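The following paragraphs lead through one protein model, residue by residue and element by element. Please keep the sequence and the coordinates at hand while reading.

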Amino acid sequence: MNIMDFNVKKLAADAGTFLSRAVQFTEEKLGQAEKTELDAHLENLLSKAECTKLWTEKIMKQTEVLLQPNPNARIEEFVYEKLDRKAPSRLNNPELLGQYMIDAGNEFGPGTAYGNALIKCGETQKRIGTADRELIQTSAINFLTPLRNFIEGDYKTITKERKLLQNKRLDLDAAKTRLKKAKIAEARAASEQEVRITQSEFDRQAEITRLLLEGISSTHAHHLRCLNDFVEAQMTYYAQCYQYMLDLQKQLGSFPSTFLSNNNQSSSAPVQNVSAPSVLASASASLPSVSNSIVTSGFSELKSLSGSRKARVLYDYDAANSSELSLLADEVITVYSVPGMDSDWLMGERGNQKGKVPITYLELLN
């Protein structure tokens with residue numbers, strides 16, 4: 001038998017198998033044939049895999065939208081990735097805004113209040129842009145790539161083996177149908193042999209599929225670690241942005257009041273210097289332990305007197321420099337006012353340690 005004859009026979013056998021499966025599938029849909037059901041454990045594993053695939057895709061796509069809101073940029077990155085080429089480097093939105101601000105500041109004059117402020121804001125925006133790039137790169141490597149590997153790798157393998165299992169089941173049920181229809185003893189013996197073979201192949205494929213599906217639990221554990229990495233990357237990014245803006249606010253707030261009115265034009269409203277701790281005042285005012293009367297009248301009274309008071313610390317606070325005092329939530333310290341001190345701060349003492357403390361982190365005790 002030459003190779004051509006072998007190929008013809010193989011094609012004929014494959015066509016016969018395909019036709020047998022198609023007939024069995026159609027009769028099952030019409031309710032004219034019995035169907036071997038998978039065991040409950042395997043069905044649960046299949047359902048878990050499908051659920052994992054569905055939500056992994058949604059989370060992955062929405063994370064991509066979060067990191068890159070521009071759909072055209074996402075399409076461009078996708079095309080370059082498929083071509084295995086590096087996408088051209090472009091300024092992101094914060095960097096572009098920062099460059100415009102710097103250019104405008106230089107145009108208006110670095111010696112003017114507005115020009116100087118624009119340059120400082122532009123430099124901060126460019127630093128935020130750099131942090132944004134780092135967030136995207138870290139998240140892509142530690143979070144998006146593992147999710148994509150599951151969709152394009154592990155789940156494709158599961159889908160392939162699941163399709164094989166479906167075919168083995170159809171072969172088994174088709175063999176059972178032929179056994180029921182066999183009348184002659186010789187034909188019945190051949191059908192029984194076929195059922196034993198197809199049953200063995202189905203059981204083997206079911207075990208292979210089950211082992212793959214049980215790996216979904218390991219996938220969840222791996223994705224959990226990746227999620228922690230993503231959260232850490234976001235935490236680093238937002239902490240950097242907060243610090244950049246805090247530094248910028250201090251720089252802008254340090255301008256003399258005469259410098260804040262550009263070109264000697266009077267401002268209709270004074271520019272308020274809002275320090276970082278005072279940003280928390282609105283949030284702490286809503287807490288049961290910090291009433292408005294304590295924040296306003298209590299601290300105002302303390303500042304007008306020369307004595308000291310006990311105060312409970314509401315939140316942990318890390319000192320920004322050696323002039324400040326680090327705090328731990330729920331500890332009690334002594335506080336008092338010093339002439340010339342900013343209205344948002346008091347002097348705090350804990351044993352031999354002392355330093356400035358933000359009033360929004362404190363609750364005065366009676």
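Asp173 belongs to helix α5, which covers residues 113-181. In this predicted model, Asp173 has a relative accessible area of 3%. Because that value lies under 20%, Asp173 counts as buried. Beyond its neighbours up to four places away in sequence, Asp173 touches Gln24, Glu28, Glu34, Lys35 and Thr36.

Which residues of α7 are buried? They are Ile216, Thr219, His223, Cys226, Phe230, Ala233, Gln234, Tyr237, Cys241, Leu246 and Leu248. For one of them, Cys226, the relative accessible area is 4%; since the cut-off for a buried residue is 20%, Cys226 falls under it.

A disulfide is a covalent bond between the sulfur atoms of two cysteines. The structure holds 0 disulfides.

The next topic is a loop. Leu91 is located between α3 (71-82) and α4 (93-108), in the loop that joins these helices. With neighbours within four places in sequence set aside, the contacts of Leu91 are Leu96 and Arg133. How far apart in space are Leu91 and Thr130? Their C-alpha atoms are 9.6 Å apart, while 39 residues separate Leu91 and Thr130 in sequence.

Strand β3, at residues 345-350, and strand β4, at residues 353-358, pair over 6 bridges. Do these strands run in the parallel or the antiparallel sense? The pairing of β3 and β4 is antiparallel. Across this pairing, Leu346 stands opposite Val357 in β4. The hairpin of β3 and β4 has 2 residues between the strands, and within this hairpin Gly351 adopts a positive phi near 65°.

The protein chain has a mean pLDDT of 82, with 77% of its residues at 70 or more. Over residues 256-296, however, pLDDT stays under 50. For this stretch the model has 47 contacts beyond four places in sequence.

Definitions and conventions
Residues numbered from 1 in each chain as written. Predicted model: local features only at pLDDT ≥ 70, side-chain atom pairs only at ≥ 80, totals over all residues. Heavy atoms only, no water. pLDDT = per-residue confidence, 0-100. Contact = heavy atoms within 4.5 Å. Disulfide = S-S within 2.5 Å. Buried < 20%, exposed > 50% of the residue type's maximum accessible area, 1.4 Å probe, protein only. Helix = DSSP H or I, 4+ residues; strand = E, 2+ residues; numbered from the N terminus. Pairing = 2+ DSSP bridges.
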